[in-house]
Every structure is written in structure tokens, then in C-alpha cells.
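Please take a moment to look over the sequence and the structure below, and then follow the description that comes after them.

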Amino acid sequence: MKVLLINGSPHEHGCTNAALSIIANEMKIFGRKKLTLFLT
């Protein structure tokens, strides 16, 4: 399974990124591939 994480916040390293990082780490534990896009 592949997971697409999209960060649409104007602050690339803000709170939204912190939340997406937690999700990304969980996906890594379960062996899922991820792609993170920053839309600013």
C-alpha cells in the first residue's frame, strides 16, 4: 500500500508537518511506502 501525504500549509515545517510526520512514522513501522507533497 502506498500513502500520499499532502501538506497544504504555508508553513512547510509547522504544525501540519508535525502531524504528517507522526503519520509517516507509523506508516514506516507497518512497511508502507509514502510520498509527501508540500503545496505552498
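Buried residues, meaning those under 20% relative accessible area, with exposed meaning over 50% and partly exposed in between (1.4 Å probe, protein chains only), make up 18% of the 40 residues in the protein. This is a predicted model, in which local features need pLDDT of at least 70 and side-chain atom pairs count only at pLDDT 80 or more, while totals for chains, interfaces and linings use all residues. Residues are numbered from 1 along each chain as its sequence is written, and side-chain values use heavy atoms, with hydrogens and water left out.

The predictor's confidence in each residue, called pLDDT and running from 0 to 100, averages 90 over the protein, and 100% of the residues score at least 70. Confidence is highest in α1, at a mean of 93, and lowest in strand β2 (residues 33-38), at 88.

One helix and two strands are present, where helices (H or I, at least four residues) and strands (E, at least two) are DSSP runs numbered from the N terminus, and read along the sequence they follow the pattern β-α-β. Of the contacts with a separation of 6 or more, 71% are accounted for by residues 24 or more positions apart, a contact being heavy atoms within 4.5 Å. Along its principal axes, the C-alpha trace spans about 30 × 15 × 5 Å.

The loop between β1 (2-7) and α1 (15-29) holds H11, which is exposed, with a relative accessible area of 57%. Although H11 and T40 are 29 residues apart in sequence, their C-alpha atoms are 7.9 Å apart in space.
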